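Hi everyone, thanks for coming.

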Amino acid sequence: MIKFDGVTKVFNNTVTAVDDLSFRVSKGEIVGFIGPNGSGKTTTIKMLTGILKPDKGEIAVKDFDIQKQPLEAKKHIGYIADNPDMFLRLKGVEFLNFISDIYRVPVDVRKKRFTAVCDRFGLTESLNSQMLGYSHGMRQKIMVAAALVHNPDVWILDEPLIGLDPKSAYELKNMMREHAANGNCVFFSTHVLEVAEKLCDKVIIINKGKLVYSGTLDNLEKLHKGKTLEEIFLELTAK
Amino acid sequence: MTNYITLLKIFLKTTEITPSEKKRSKLFYSLMGTAILMLIMLPAGALVGFVTYALSLAVLDAGGSTQAANIVLHIIAILSVIFGFNVIVNIFYFSNDIENLLPLPLKPHEIVGAKYTYSLLSENIMEFILTIGVCAGYMFASGFSVTGVIGSIIGILTVPILPLAYCGIISVVLMFLTHSIKNRDFLNKVTGAGTALLIIGALVALVGVNDFNAEAFAVSVTEGDSTFLNVMNIIFPQIPLLMSGINGSIVDLLIYLGVNVLALAVFLFIASKMYIKGVSDVNTAKTKKDVSDTQRAINRSKENGVLKSYIKKEFLILFRTPAFFMDCIAVNLLWPVFFAVIIILQGQTNFMSGVIESYMNGNVEMILFVTLGVIGISVVISAINSIASAGISREGRHFEFMMYIPVELKTQLHAKAIVSFVVSGSGMIIYIIAFNWYCLLTYGWVDDPIITFLMPFLHMLIALVSVIFASYFGLFMDTINPKLVWDDEINALRGNYNVFINTAVVLAAVGGVCVISLVLDRLINSGTALAVAILLITVLALMGMQVCLKKGEKNLMSIE
């Protein structure tokens, strides 16, 4: 579903944010993307979603090259950015309709999905008011709803659990599992190792833009016997 | 005091060009700065100076002194309050830095004082220029003196203090008194509606004035019969004091300075007592929740095309964001006031009646001048409202949204340009209808269908073509170097050099069209000049579209 081949991104010809990074994400997988601050996670996600252009390498989503067939590739992506403060003057329902129009979601389908996500996230009270009055968590929930409104094959989330209350975080994790179980894939960045441990089929760890590990957490723990996940992460990203 | 200065320095830094925005060279900014000064600021200052000079001559002849200059400065002060209020409310209460400032060990008057000074310095360049015009206009009429020059310099630097202090006091008191209203959008709507009403009120008042006569005006203000001047002298007492100081009274100049200091002291005292309460409530305020309507709203959902949906989104944000509404939408309401002032000041026996008579008689040269006027006004209106020239900058931090949605950038650019086209174009159509109606009222019906039907229709088309040029070209200018980092929405527009640069560039382009047409008018004939003017603006519009959609798209894709 996601193909990232030898991708490099250099800013201002001086800072190498992502350095020859390659990985794959397959159908049905939940993949955690882990790395310390400034390791290149957000830059990677921005290239994957078409926001930034890679200087080298190829990126494909559902076999559509994000550079050569950007619109086709983007149609298959549902993306939640790290900052949910977007179009706050729109009402929740207006924002969802706008996104549905962009992804050409039929009206009967969108109505069912709006109602379902409202019930699940407890948004029923607020959907018809401007998002300006929403809390950070509520805005994040609307972004989740918007990202899923077209049932994307590839769901990409940048630090999705920040600001969510325990119930909503639990719901979001369940939704990620369900989405992957329905034959799609989920790729998300996180700092919370426990979340990755409980949720992910696979983790990709990067440090200073380079891949340091890609595989299952079980395998990672086997490679570093006797150490906690936290210790392994610190060791891998210490250099 | 140290905290105040530190805060002020930080606030002023936000208006500087960030390293990522330094794509253009220093030479480019220098050239554009000069162009802005030459094409926008100096003409505006010169116009105000000329009006002051002409009115002052009449008043001095009638035995008066500074009354005409007082009136012009009062009008500038009123405009300063109208536009400053929105800026002050946004910067004091709705900017993103509030949540970071409140937990710091800062006194309320330090925060408010620094924000006030920042607003004063960053928002009033135009007011400084206009005040220079007034002082120069008055001194040209009355004669230059050393005290006059010193007083003028003091006045130019300090005249905006009191109007902005009023804005500060009103906003602090309003936010304090309305702290129980847990709906900040209500406050935003009240602010926007109040300002729109003020502008419309000014227009209605001006329309009620018939047959302005300079001599009658001079006698009226000299004898103290002008209600406007008398009321304004009470509201802005510093203005007659300043002008009296410029006229030679050092005592009045000192009292003038004292009034400003007093106004600042009162404002800071009120702010120290009321600011924290008001701002805390803003930060806890929530918009109204509407449980019962949610399901109905979902059921009302309907499918729209991408372009239509994108345009709708742009309109909703423009109309619902107070800063955008004021600077992009409400500003268009000022033009009728401006035109009404020109028409009223000219009266039926002066310049305008001559223009109208010649136009209604089918004089081709006058038709050319009016057409050039239509082109110029259309472009200026589209550029000044900044809908297009800040179209990308307004996206701010969520500019990335434009990049990751599966919608071509060309479509998104079209949507933004169409919004500018609709607002500016509909305004122009209304103004052209109003102009033709005014011509019919003042001159009477003419049986020439070219004048009564064809020319208004043609002028509407030309206006729309001109608006297309300004909209697409303005949007293109903003794609080169959009201001995407801003703390509050007002900063996306007022602190955005692209708006000024675009205005200067499109004015230069239209100036070129006018010069070529006027040369042809002299060398060949008015008909040929008219045809060439229409052809040139059409070519500019097509080029503007092409440049915006092709190069603009490339510019957006290169933003990192």
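Okay, one term before we start: two strands pair if DSSP finds at least two bridges between them. Helices (H or I, at least four residues) and strands (E, at least two) are DSSP runs, numbered from the N terminus. This is a predicted model, where local features need pLDDT of at least 70, side-chain atom pairs count only at pLDDT 80 or more, and totals for chains, interfaces and linings use all residues. Residues are numbered from 1 along each chain as written, chains are lettered from A and ligands numbered from 1 in the order they're written, and side-chain values use heavy atoms, leaving out hydrogens and water.

So, which strands do five bridges join in chain A? They're E7 (residues 154-158) and E8 (residues 185-190), running parallel. In that pair, Asp158(A) sits opposite Ser189(A).

Helix H6 (residues 166-181) of chain A packs on the sheet and touches E3, E7 and E8 (contact means heavy atoms within 4.5 Å). Helix H9 (residues 229-236) of chain A packs there too, touching E3, E9 and E10.

Zooming out, the open sheet has six strands in the order E6-E7-E8-E3-E9-E10 of chain A, with mixed pairing. Why is one side of E6 and of E10 in chain A left without a neighbour? Because both stand at the edges, each with a single partner strand.

Over in chain B, Leu57(B) belongs to helix H2. Leu57(B) is partly exposed, at 31% relative accessible area; that term covers the range between buried (under 20%) and exposed (over 50%), with a 1.4 Å probe and protein chains only.

Notes:
Axes fitted to C-alpha atoms, helices over the stretch in contact; angles between N-to-C directions.
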